[in-house]
Amino acid sequence: MKITDEQLSGFLDNELDEQQMSLVRDAIAQDDTLCDRLAALSMVDHVVKTAAEQATNSPVPAHIEALCDAEQESNVVSFVERKTQNDDQKTVVQGSNVRWLRGMAMAASVALVGLLGWQQLMDGQSSGNSEWQQVAAVLDSQTSGQAYQAGAQTVMPQLSFLNKDGALCRQFTVIGTERHDAMIACKQAGNWQQRAAVALDMPVGQPGEYQTATSETALDNVLDEIMLGAPLNREQEQNAIQTNWQQ
Amino acid sequence: MTTTQSAQLKSMLPVLRRFAYSLTGSMADADDLLQNTVEKLLSKPIPEDVELLAWSYRVCRNLWIDEYRANKVRQAAVHKPELQHTDIDATSQITADITLKQVESAMATLPDEQREVLSLVAVQGMSYQDTATVLSVPSGTVMSRLARARTKLAQILNLDKGNEVTA
């Protein structure tokens, strides 16, 4: 039976299943040339690894190591600053939102889409569009971290923050019967104004359950651009609710 | 990135650098790619449920695909004296018969997808499954690419000494 290099290569790494490993073992026992071929393939690894070790034998450039050192120092500073500012305050980044924040780096790039349906809702808010008013009512009155029924939709506020223009904003998801969107809206002139939206896959689980990293990180790039400072904690959110999200 | 992660990243720099070298085939490009990788890693939080080294490999590889495979940086590096490493002796012996320069030349003949698999498995010692995760390909693909890479290098470097080597 012909033993291919793919089998030999897998054998070399002990990555074949036991039946295949046994097959190759038996073949090698009966055929000296197979042993030579195996040695040749193995030698490739040795040569390539030795070359890489030799070429990179010099120290890592100091300016690259300094990048890591600078990051550690800035972490210490920001931790001290945050501890001073937020002592005894519980940040409203709980449950799924913790994972949402941790997953921020995962959204390399998500193309924002113009959500015609939502834009129409937003445009229609001044004329009393009921669907958007139901969403806005949740944004007005509920803290982050839980899903709320708003008519036929489920709205889940995920994060509240101050943007660089000084307006209070909320990142949230809306699940309807046919669509699932992640959105950011900011309270301006007494109304929630859409700042960004992206269509997501329909969730598999129940509303309010932890959703995929993609759904939770879809608007990271936008947040990075417009968010000023840390997200509001629960107490700050409750204060914002009492003042109707006016700064 | 947390303080722990940045300390961990610093300790991983030599390994990551070796991977960057394996991908780019030159120390000038490797250090430039390493710097860009570190900057990218530091620019955003890293999910705590991922393994930092595998995540770093993935970032490094993606940057290499985006910026280095087209040789843009390689060409740019020619004009950056600070990126030129003159302390690497290309004539140094890897084995009695093979020099570093010969290995680099042989690696350069491999298709990118074979070189990255060989780098992860042979140089970094990763399993097929871990390699498949980093590259987002099935582990069967890792196996076949790796076999082709080994076969080709064995031929180019004359390691098979005339034995029949089949793909």
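## Salt bridges in the predicted model

A search of the whole structure, over all chains, finds nine salt bridges, a salt bridge being a side-chain nitrogen of Lys or Arg within 4 Å of a carboxyl oxygen of Asp or Glu. This is a predicted model, in which local features need pLDDT of at least 70 and side-chain atom pairs count only at pLDDT 80 or more, while totals for chains, interfaces and linings use all residues. Residues are numbered from 1 along each chain as its sequence is written, chains are lettered from A and ligands numbered from 1 in the order in which they are written, and side-chain values use heavy atoms, with hydrogens and water left out.

Side chains of opposite charge can pair when their charged atoms come close. In chain A, Arg170(A) forms a salt bridge with Glu237(A), with 3.4 Å between the closest N and O atoms. Because Arg170(A) lies in strand E3 (residues 168-175) of chain A and Glu237(A) in helix H10 (residues 234-242) of chain A, the pair ties together parts that are 67 residues apart in sequence. Helices (H or I, at least four residues) and strands (E, at least two) are DSSP runs, numbered from the N terminus. Both Arg170(A) and Glu237(A) are buried; buried means under 20% relative accessible area, exposed over 50%, and partly exposed in between (1.4 Å probe, protein chains only).

## Charged pairs of helix H6 in chain B

Glu116(B) forms a salt bridge with Arg61(B), the closest N and O atoms lying 2.9 Å apart. This pair links distant parts of the chain, 55 residues apart: Glu116(B) is in helix H6 (residues 112-123) of chain B and Arg61(B) in helix H3 (residues 52-68) of chain B. Glu116(B) counts as buried at 2% relative accessibility, and Arg61(B) is buried with a relative accessible area of 14%.

A salt bridge also joins Arg115(B) to Asp112(B), with the closest N and O atoms 3.3 Å apart. Both residues lie in helix H6 of chain B, three residues apart, about one turn of the helix. Arg115(B) has 8% relative accessibility and counts as buried.

## Nonpolar cores

In soluble globular proteins, nonpolar side chains tend to be buried together. The largest nonpolar core here has 70 residues, of which Leu8(A), Leu9(B), Val38(B), Leu118(B) and Leu153(B) touch the most other members; such a core is a set of buried Ala, Val, Leu, Ile, Met, Phe, Trp, Tyr and Cys residues joined through side-chain atoms within 4.5 Å. Helix H3 (residues 32-55) of chain A gives the largest share of this core, nine residues.

Not counting residues up to four places away in sequence, Leu153(B) touches residues including Val44(A), Val48(A), Met107(B) and Leu118(B), where contact means heavy atoms within 4.5 Å. A second, separate core of 18 residues includes Val135(A), Val138(A), Val155(A) and Leu168(A).

## Interface of chains A and B

The contact takes 59 residues from chain B and 52 residues from chain A. The two chains bury about 4,700 Å² between them, 64% of it on carbon and sulfur atoms; buried area is the accessible area (1.4 Å probe) that two parts lose on being put together, summed over both. Arg17(B), Lys44(B) and Arg150(B) supply 13% of the area that chain B buries against chain A, more than any other three residues.

Between chain B and chain A the count is two salt bridges. In one salt bridge, the side chains of Arg150(B) and Asp45(A) meet at 2.7 Å, N to O.
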